[in-house]
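The exercises below go from one residue to the whole chain. Try each task on the displayed model before reading its solution.

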Amino acid sequence: MKQPLIGGVLLVAVAVTGCTHYPVNVRADRPVEAGYRFPVPLPPPTEDPRDHLFVCLALSGGGTRAAAFAYGVLQALRDTRIDHNGLGSLLDEVDCLSGISGGSFAAAAFTLMGQQDFFKEFKPRFLDRNVQGQLIQRAINPVNLVRLMSPYFSRIDLAAELYDDLLFHKSTFAALDAQRRPFLILNATNMANGAGFEFTQDEFDFLGSDIGSVPIARAVAASSAFPFLLSPLTVQSYPAQLSESLRLVVDKALTDRETNLWRYTWARSRQELTTQTEKYIHLLDGGLADNIGARAIMNAFAREVGFIRRRVNDERIRRLVIIMVNARTNPAESLTRSPSAPGIIDVGLTTATAPMENVSADTVELMRRLVTDDEQAQRVLADCNARLAECREPRPRPFSTTPIVRGCVIELSFEGLEPGDRDELLNYPTSFSLTKAQVDKLIEAGPKLLERSQDFMRLLRALRGEPAIGRGIGEKDRCS
């Protein structure tokens, strides 16, 4: 009796394994005209008042710690009244949300659910759960152990299924309306070249694919696929049929290595996505390329076809606000206390995490310079043109300029808290299992840090039409 039973079980296991395959993003037979991408602004004189104050949030990585911190900041922005353009809160003015790893859960859930359902459901359905424990339980389930025997199904696919059950209910990017703000950008890392990968139709154009077929849970899983703990997530790249306008943009950028290395690097990494034959892109945690989530916003600002740059050049944006919600930690390290060489696990974890912290600091500073230097450059050019206008005939040709946009870059991190709270939160682990007390403490940090941010207070005074107040030389001009 036992032999037939064992044989039957093996047959079922083989059958289940053979049928198990991760969802495949579909091929686009022609360039996708619309899809989930930030819409191109309508030609003048048509204006969208939502563009006048343009606010982007970058939600960093860091597991449940990052998701809870992001939740607290979003909640605080909801409670910040500005009465601008007929909208009551600063959260109503948010135009784009860029999420990485833990921050991607909050970004995706907020965009999909909307404000009311997000603040009602996200905490009990995700933050207060032991997501890490639930994932382990699924991985050791006998049925799933059989499914994991398939070469086309792995731990990351189990994670995506869990995230669907908890938050996303099998919703795909087709469920998101690109006309509705905020616009969502989920970020992962291309394992082949280390470049950032954005889950938007603009990126999937290079794959010859329609992002509308991609489950949001899989994008979140890719963004949080921490090396060693979770396997990479795979998307398929088909022979791409780029639109003529996009091909011209890439070709031009590839000639810009000496004059615009940022644009050239972007074009090279996107060119590597395209192919004449089918291939596969394996994606890991977005924090490996940018643990802040700000690079996607930088791309939108720096590239001439970026949705922010287009609105700047068309004089749509009058004030640009970037808020970076940085949940980085600084736990006490033990490597320097032992004379013996670190083991393979310590080496692997350090290799995966140490570069994140170093690059994150550079990213914050680069974002500040990118926005403030652009504003300063336009002011200098405007002054030069004013001087040129005073010259006698024949006057020199004026410099080409873009409109001056008031820029404000705000970073929120645990370093800005009082010493007791700061030291406690900086030692919270990066995991998907925190206590309720820890989650509540992280949520409370959001409004505390906004209240302590001098730049944020200056921004509010400016939006409310109140006089600017600075504490030092030049400070009164920041964010005012």
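**Exercise 1. A residue in a strand**

In which strand is the place of Leu184? Describe its surroundings as well.

*Solution.* The model is a predicted one, in which local features need pLDDT of at least 70, side-chain atom pairs count only at pLDDT 80 or more, and totals for chains, interfaces and linings use all residues. Residues are numbered from 1 along each chain as its sequence is written, and side-chain values use heavy atoms, with hydrogens and water left out.

Step 1. Leu184 is in strand S5. Helices (H or I, at least four residues) and strands (E, at least two) are DSSP runs numbered from the N terminus.

Step 2. The relative accessible area of Leu184 is 0%, so Leu184 is buried. Buried means under 20% relative accessible area, exposed over 50%, and partly exposed in between (1.4 Å probe, protein chains only).

Step 3. Contact means heavy atoms within 4.5 Å. With neighbours within four places in sequence left aside, Leu184 is in contact with Tyr36, Leu97, Ala107, Ala108, Thr111, Leu176, Phe199 and Thr200.

Step 4. Leu184 and Thr200 lie 16 residues apart in sequence, and their C-alpha atoms are 8.1 Å apart in space.

**Exercise 2. The nonpolar core**

How many residues has the largest nonpolar core, and which have the most contacts inside it?

*Solution.* Step 1. A nonpolar core is a set of buried Ala, Val, Leu, Ile, Met, Phe, Trp, Tyr and Cys residues joined through side-chain atoms within 4.5 Å. The largest one has 127 residues.

Step 1. Phe118, Phe122, Phe126, Tyr163, Phe173, Phe199 and Ile308 have the most contacts inside this core. Helix H2 (residues 63-78) provides the largest share of the core, 10 residues.

Step 2. Take Phe173 as an example. Residues up to four places away in sequence not counted, Phe173 touches Tyr36, Leu186, Phe199, Ile211, Gly212, Val214, Pro215, Ile216 and Ala219.

Step 3. For background, nonpolar side chains in soluble globular proteins tend to be buried together.

**Exercise 3. Cavities and a pocket**

How many cavities of 30 Å³ or more does a search of the whole structure find?

*Solution.* Step 1. On a 1 Å grid over the protein atoms alone, a cavity is a set of points where a 1.4 Å probe fits but cannot get out; a pocket is an open set with protein on both sides within 12 Å along at least five of seven lines; lining residues have an atom within 4 Å of a point. Grid points are joined across faces, edges and corners, and a volume is the space filled by probe spheres set on the points.

Step 1. The search finds five such cavities.

Step 2. Helix H9 (216-223) and strand S7 (233-237) each supply at least two lining residues of the largest cavity; S7 gives the most, with three.

Step 3. The lining of the largest cavity has eight nonpolar, three polar and one charged residues. Here Ala, Val, Leu, Ile, Met, Phe, Trp, Tyr, Cys and Pro count as nonpolar, Asp, Glu, Lys and Arg as charged, and the others, Gly among them, as polar.

Step 4. The second largest pocket holds about 780 Å³ of space. Arg37, Gln201, Asp202, Asp205 and Leu246 are the closest to its centre of the 44 residues that line it. H8 gives the most to this lining, with four residues. By class, the lining of the second largest pocket divides into 22 nonpolar, 11 polar and 11 charged residues.

**Exercise 4. Backbone details**

Which peptide bond is cis, with omega near 10 degrees?

*Solution.* Step 1. The bond from Arg181 to Pro182 is cis. Pro182 lies in the loop between helix H7 (155-168) and S5.

Step 1. Ser101, although not a glycine, has a positive phi of about 50 degrees. Ser101 is in the loop between strand S4 (94-100) and H3, and counts as buried at 6% relative accessibility.

Step 2. Cys479, not a glycine either, has a positive phi of about 65 degrees. Cys479 is in the segment after helix H17 (454-463), and counts as buried at 4% relative accessibility.

**Exercise 5. Confidence**

Which element of the protein has the lowest mean pLDDT?

*Solution.* Step 1. pLDDT is the predictor's confidence in each residue, from 0 to 100. The protein averages 85, and 84% of the residues score at least 70.

Step 1. Helix H1 (residues 2-19) has the lowest mean pLDDT (45), and helix H3 (residues 102-113) the highest (98). Over residues 1-18 the pLDDT is below 50, and this stretch has six contacts in the model beyond near neighbours in sequence.
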